[in-house]
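Thanks, everyone. I'll keep this short. Please have the model open while I talk.

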Amino acid sequence: QVQLAESGGGLVKTGDSLRLTCTASGFTLADYTIAWFRQRPQKERESVASLTWNGFRTYSGDSVKGRFTISRDNAKNTAYLQMANLEVEDTAIYLCAATPPGRVEMQIWGQGTQVSVSS
């Protein structure tokens with residue numbers, strides 16, 4: 001069964017760091033573009049970062065650039081989102097997604113993990 005499962009969310013304070021993990025099963029994540037999205041309260045889902053199968057990274061929005069880092073470990077079939085200097089505005093459900101080369105829309109989605117940042 002093709003699946004993505006996120007983990008690593010939690011309740012932290014402003015300025016803390018957190019690493020989210022996205023574990024793939026049923027397919028080879030290395031062959032896919034992976035991305036992290038977030039759904040903040042009362043806001044639409046937004047892209048956070050993406051990483052293509054051949055290593056091209058994109059970060060969405062000035063608010064995460066320099067603080068968030070997307071990476072992958074192909075041997076573990078896993079992707080990560082390292083988040084540093086967290087802000088209250090980063091509070092959201094974070095979802096990972098994957099899509100094969102040539103497809104724009106994400107084809108596989110995880111269920112999400114909650115990140116809550118308190119002041």
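This is a predicted model: local features need pLDDT of at least 70, side-chain atom pairs count only at pLDDT 80 or more; totals for chains, interfaces and linings use all residues.

Start with the core. The largest nonpolar core holds 28 residues. Which of them have the most contacts inside it? They are Leu-4, Trp-36, Leu-81, Met-83 and Tyr-94. Strand 3 (18–25), strand 4 (33–39) and strand 5 (46–51) each give two or more residues. So do strand 7 (68–73), strand 8 (78–83), strand 9 (92–99) and strand 11 (113–118). As a general point, nonpolar side chains in soluble globular proteins tend to be buried together.

Now take Tyr-94. Leave out residues up to four places away in sequence. Among the residues Tyr-94 then touches are Leu-20, Trp-36, Phe-37, Val-48 and Phe-68. Tyr-94 also reaches Leu-81, Met-83 and Val-115.

Next, the rings. How many aromatic pairs does a search of the whole structure find? It finds 2. One is Phe-27 with Tyr-32. That pair is edge-to-face, with 4.8 Å centre to centre and 65° between the planes. Phe-27 is buried, at 11% relative accessible area. Tyr-32 has 19% relative accessibility, and the cut-off for buried is under 20%, so Tyr-32 counts as buried.

The other pair is Phe-37 with Trp-109. Their ring centres are 4.8 Å apart and the planes meet at 50°, so this pair is tilted. Why does it tie together parts that are 72 residues apart in sequence? Because Phe-37 lies in strand 4, while Trp-109 lies in strand 10 (residues 108–109). Are the two partners buried or partly exposed? Phe-37 is buried, with a relative accessible area of 13%. Trp-109 is partly exposed, at 28%.

Keep those two rings on screen and bring in Arg-45. The charged end of Arg-45 sits over the ring of Phe-37, 5.8 Å from its centre. Arg-45 also lies over the face of Trp-109, at 4.1 Å from that ring centre.

An open sheet of 4 strands runs in the order 1-3-8-7, with antiparallel pairing. Which strands are at the edges? Strand 1 (3–7) and strand 7, each pairing on one side only. The twist from one strand to the next averages 15°. Inside the sheet, strand 3 pairs with strand 8 over 6 bridges, in the antiparallel sense.

Last, the loops. Most residues other than glycine have a negative phi. Here are two with a positive value. Gln-42 has a phi of about 60°. Gln-42 is in the loop between strand 4 and strand 5, and is exposed at 80% relative accessibility. Asn-77 has a phi near 55°. Asn-77 lies in the loop between strand 7 and strand 8. In contrast to the exposed Gln-42, Asn-77 counts as buried, at 17%.

One more loop residue. Thr-28 is placed between strand 3 and strand 4. Thr-28 is partly exposed, at 42% relative accessibility. What separates the C-alpha atoms of Thr-28 and Lys-76? The answer is 9.8 Å, for residues 48 apart along the chain.

That's the tour.

Note on methods
Residues are numbered from 1 along each chain as its sequence is written. Side-chain values use heavy atoms; hydrogens and water are left out. A nonpolar core is a set of buried Ala, Val, Leu, Ile, Met, Phe, Trp, Tyr and Cys residues joined through side-chain atoms within 4.5 Å. Buried means under 20% relative accessible area, exposed over 50%, partly exposed in between (1.4 Å probe, protein chains only). Contact means heavy atoms within 4.5 Å. Rings of Phe, Tyr and Trp (its six-membered ring) pair if their centres lie within 6.5 Å; planes under 30 degrees apart count as stacked, over 60 as edge-to-face and the rest as tilted. A charge sits over a ring if NZ of Lys or CZ of Arg is within 6 Å of the ring centre and within 35 degrees of the ring normal. Two strands pair if DSSP finds at least two bridges between them. Axes are lines fitted to C-alpha atoms, for helices over the stretch in contact, and angles run from 0 to 180 degrees between N-to-C directions.
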